[in-house]
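Open your viewer, and let's walk through this protein together, starting with the whole chain and then picking out a few charged pairs.

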Amino acid sequence: MTSTSRRPGRAWIITPGLHRDRFAGAQKSGAAVAVVDIEDSVALPDKQTARTASESFFALPDPPCTRGIRMNSLTTIHGIKDLVALAVYTARPDLIVVPKVESPRDIELVAAALDTDDYAPGIWALIESPRAFDTLPAIMRAARLDGVIFGSADYAASVHCGLGWDALHYARSALINAATAANILAVDAPTWELDNPGILRRDAERAKELGFYGKGCVHPRHVQVINDVFTPTIEEIAQARAIVAAADASGGTVTTVDGHMRGTPFFDAARTLVAEADRTS
């Protein structure tokens, strides 16, 4: 049984489950993944309304992106109700974002409730608490885990720190290290400043440099910046091809490219970039 989700792209947009008028716009925003949210963006009295309304998010025809839903935490009654509802959705999500994950059991429960012979959604864990970071190796070993997303706002609230890059640098680095060790992808949290594209670009560049595969956003105008930052430039691809060519010419031994010493780690990184560029071209 394989996951129904496609390999995700770089920009993930999140839209509230109560706002049906935004559903089509989110899916046509240019983001590779559009996620309808029935957790933090929905007040407790409105959970059932959002749960019902969100099914229409997956009924829109000809989706240009992968579609997912952020359910409620499995430590709440609303998370349990979400699983019951999702199990009988006629139009089904490509992926499920599970918030407040602190144990591999959370991933196993979602899979047990939703997997069938012909349906197995991708399952992504939101890592957003100190306890989650204490149990990261175990979470990463969950058999049905497709990837992880950093939940910066909840994490900062838990540890009473700021949302700035320096305050959250350790958490981001720890998440990247654990995800890479488990050979799964990690997506960075959104940038919460809606009207400052300079801050967004800086955050996206830092996330890419740190090793994140992509980045979330909460407004359509953020999508293009994220796509621009995470898409390798023509120059980056050309440089990678030059390194691969030098590696082949040297028989894999240390060599120089444009005045820089290059060896096995650089060869491996360049081959990965070239393979991705060729796959998406």
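For counting charges here, Lys and Arg are positive while Asp and Glu are negative, with His and the chain ends left out. On that basis, the mean positions of the 28 positive and 34 negative charges of the protein chain lie 1 Å apart. Keep in mind that this is a predicted model.

Of the 281 residues, 49% are buried.

Now for the salt bridges, of which the whole structure has 17. Select Glu39 and Arg70 first, whose closest N and O atoms are 3.3 Å apart. Glu39 sits in the loop between β2 and α2, and Arg70 in strand β3, 31 residues apart. Are these two buried or exposed? Glu39 is buried at 5% relative accessibility, and Arg70 is buried at 14%.

Next, select Asp115 and Arg144, which form a salt bridge at 2.9 Å, N to O. Asp115 lies in the loop between α4 and β5, and Arg144 in the loop between α6 and β6.

Move on to Asp228 in helix α10 and Arg201 in helix α9. Their salt bridge has its closest N and O atoms 3.9 Å apart. Asp228 is partly exposed at 39%, and Arg201 is partly exposed at 33%.

To finish, select Asp37, Glu39, Asp40, Arg70, Lys100, Glu128 and Asp154 together: salt bridges with shared partners join them into one network.

Conventions
Residues are numbered from 1 along each chain as its sequence is written. This is a predicted model: local features need pLDDT of at least 70, side-chain atom pairs count only at pLDDT 80 or more; totals for chains, interfaces and linings use all residues. Side-chain values use heavy atoms; hydrogens and water are left out. Buried means under 20% relative accessible area, exposed over 50%, partly exposed in between (1.4 Å probe, protein chains only). The place of a charge is taken as NZ of Lys, CZ of Arg, CG of Asp or CD of Glu. A salt bridge is a side-chain nitrogen of Lys or Arg within 4 Å of a carboxyl oxygen of Asp or Glu. Helices (H or I, at least four residues) and strands (E, at least two) are DSSP runs, numbered from the N terminus.
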